[in-house]
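Hello,

Here is the structure I promised to pass on to you. Have a look at it first, and then read on for my notes.

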Amino acid sequence: KDPIETYGVMNIQYDILSRLDWLPSSGPFVINDPRSSIEYSEIQPPLNNSIVSILFENFASLGGASTSLTYTSFNFDITNNRQLELSDLFLPESPYLQIISDYCMRNLPQKELFLFDDYMQALLPESENFSIWNITPHGLIMVFNKYAVAPGSVGAQYVIVPFDVLGAIIDPNGPVGIYAKR
């Protein structure tokens, strides 16, 4: 289950913000019910004391030996008290999706794993293809759940898009503007 859908953005925001003083830089932050659990696999400390970026691992038991592991991200601007969209990081009208798409298309095959013949469809410059992302001090992590670009046996895949690739299109006054100025 998607933690945002299941528990609601406001509940996650409240829980995360109330824990910021003591949250470690990695797990275990766990929400459990008898059929599923949610853990964060990556939580970046508040960036510039204003951004929280979390990658959730969503595990569900589907009965018997069947399980599901998917990822969901949550990026929050503490200063403005709102959840971030990927577009919030970039200058208006910038070709950020095209640049991210091109970078992922060049770098995902270099991992030398079995990719679907049509994996490039999942990397087209469309916002739904890049909906799971995290902010790090070094760049954006773009996550592709299993079956998006490769068979389930390979698991989820990710590409780190460095800020030096994105620097010219990052909004210098936006949530990650400090990284464009490096």
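Let me begin with a pair of strands: E6 (residues 133–135) and E7 run antiparallel to each other, paired over 3 bridges. Please keep in mind throughout that this is a predicted model.

The two strands E6 and E7 make up a hairpin, and 3 residues sit between them.

Is E7 mostly covered or mostly open? Strand E7 (residues 139–144) is mostly covered, as 6 of its 6 residues are buried.

Most residues other than glycine have a negative phi. Asn-81 has a positive one, near 55 degrees, although this residue is not a glycine. You will find Asn-81 in the loop that links strand E4 (66–77) to strand E5 (82–83). Its relative accessible area is 52%, so Asn-81 counts as exposed, the cut-off being over 50%.

Glu-93 is the other one to look at: its phi is positive too, near 65 degrees, and this residue is likewise not a glycine. Glu-93 belongs to the loop between E5 and helix H3 (96–107). With a relative accessible area of 80%, Glu-93 is exposed.

Finally, a word on confidence. How high is the mean pLDDT of the chain? The mean is 75, and 65% of the residues reach 70 or more. Among the elements of the chain, H3 has the highest mean pLDDT, at 95, while strand E1 (residues 30–33) has the lowest, at 45.

Two stretches call for care when you look at the model. Over residues 1–11 the pLDDT is below 50, and in the model this stretch has 22 contacts beyond near neighbours in sequence. The pLDDT is also below 50 over residues 17–43, a stretch with 60 contacts beyond near neighbours in sequence. Where pLDDT is low, the predicted coordinates should not be read in detail.

Happy browsing, and do write back with any questions.

Best wishes

Note on methods. Residues numbered from 1 in each chain as written. Predicted model: local features only at pLDDT ≥ 70, side-chain atom pairs only at ≥ 80, totals over all residues. Heavy atoms only, no water. Helix = DSSP H or I, 4+ residues; strand = E, 2+ residues; numbered from the N terminus. Buried < 20%, exposed > 50% of the residue type's maximum accessible area, 1.4 Å probe, protein only. pLDDT = per-residue confidence, 0-100. Contact = heavy atoms within 4.5 Å. Pairing = 2+ DSSP bridges.
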